[in-house]
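Open the structure in your viewer and keep the sequence panel beside it. The stops below say what to select next and what is there.

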Amino acid sequence: MAMGLNSLIDTIKRSIITGTSANVKIVDKSFFAELLGEDNNPDIKGNESLGIKPFWKYDTTKRFPFFTALLRLLYACFMCIVALFYWIASVVCWMFTGEWKSKRTSARLNAIIFISMIIVYIVLIVSMLAFLINNVLLFPPNSDINSRGAITMNQPCGREHTVYLFNTAICWANTGVELLEGDIVEITTSGSFYGRITDLNDKNRDNARLNFNWNNTAYPAKTETFDSLCIYKEADAQFGSLLCHIHSESAGNAYDSDSCKAIIQLASGQKNSFTAHQPGYLYVTVNDIYLTDAVLKKIMASNTLKRELLPYGKENFLQTAWQNPTLWFNDNLGEILLNISITRNVIKSDGSTVSPGIYSRLYRLVEQEANNDHKWIHLAIALVALTLLLSADYAIGRMIQRKRKHTSSTPS
């Protein structure tokens, strides 16, 4: 038992007066050295003193036997890492001295570990506060306009928000938004367009119904009979839907989804999200008919398509289409405003940040869960599941204890 000088003198006096012996052990060590020194119990050695063994202990005398065993398993796994660190220290010592000695009870090594952990905790706290202040609270909201007219506003933690006004008469317009592999893109749209500008004049003059539906991105697109002729030809293809494609400026545009599976169709009336699978610039267009030779042959071979698509049934209209495949894009009337949110996979450092990658990703996870509309439902489900598991663990433990008591009380 550790005691002060006065307590030691009182013990000696008491032993002399009463004539009884007293066990006094004087250790010339400070409390800190004693705390970091060897174990006081020499019977406990090796992994037992670190709490590794037993690795799994299911004790039915506990109120929650399974939960207690699980916590012990996690603790043992953590202590295995500590034991590995001590083993590495012993190996290093053996390499330099040629003597194998366990460093688990080394006061110097334990003191170094203790002080190092305190320093690490302080550095982590300071770096977290610096990140929160520099990268979140005082983040400079810089914005710029690229060569394509898109307005980009930088946001904290490697996020960007871009606004781009898209003219539907352009086939594959370059937004100027550069993406890298792994970037997460979220797009919302607003606006509308009509696919034949001459109809707006002629049908309004005659007070007649338009030949096609007016395409509004706020509502789901309606299926047309000629959807299979558009650039995007998959089973879910819809005329007038917005298409995205990521490629470099030197690469050519794709006009057929059968030959290019990287074309993405965005659903109307909702937020669309996808991950960039290759680097490049983001191109957009509406799902209209690009007049390739194969498409023109299909139209000429079908009287239904000729009657529905050719303006006023004039087949000589196709003669111009042979020289201008984008003819049916050029007569689109309308604009669509794109709101593009990008979550960068590679977070660039501006020189004033501290560990921007790690902290930014952790902040994203917390922010995503905090902004989740169903976060309270998720929390309630987690609490109910935890309560049921603990209840079942407690009930099973009680049943085992009662059965054991009943077996021990039954005479043989």
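Select K233 and D256: their side chains meet in a salt bridge, at 3.3 Å from N to O. A salt bridge here is a side-chain nitrogen of Lys or Arg within 4 Å of a carboxyl oxygen of Asp or Glu. The pair links distant parts of the chain, 23 residues apart, with K233 in the loop between β6 (215-216) and β7, and D256 in the loop between β7 and β8. Strands (E, at least two residues) are DSSP runs, numbered from the N terminus. D256 is partly exposed, at 25% relative accessibility. Buried means under 20% relative accessible area, exposed over 50%, and partly exposed in between (1.4 Å probe, protein chains only).

This is a predicted model, in which local features need pLDDT of at least 70 and side-chain atom pairs count only at pLDDT 80 or more, while totals for chains, interfaces and linings use all residues. Residues are numbered from 1 along each chain as its sequence is written, and side-chain values use heavy atoms, with hydrogens and water left out.

Next, select E186 and K271, which form a salt bridge at 3.8 Å, N to O. E186 lies in strand β5 (residues 184-194) and K271 in the loop between β8 and β9 (272-275), 85 residues apart. Are these two buried or exposed? E186 counts as partly exposed, at 31% relative accessibility, and K271 as exposed, at 54%.

Now select R148 and E249, a salt bridge whose closest N and O atoms are 3.5 Å apart. This pair also links distant parts of the chain: R148 is in the loop between β1 (143-145) and β2 (151-155), E249 in the loop between β7 (242-247) and β8 (264-266), and 101 residues separate them. R148 is partly exposed, with a relative accessible area of 42%; E249 is partly exposed too, at 46%.

How many salt bridges are there in the whole structure? A search finds 8.

For the last stop, select β4, β10, β7 and β8, which form an open sheet in that order with antiparallel pairing. Two strands pair if DSSP finds at least two bridges between them. β4 (173-179) and β8 stand at the edges with a single partner strand each, so one side of each has no neighbour in the sheet. Within the sheet, β7 and β8 pair over 3 bridges in the antiparallel sense.

Terms used:
Helices (H or I, at least four residues) and strands (E, at least two) are DSSP runs, numbered from the N terminus.
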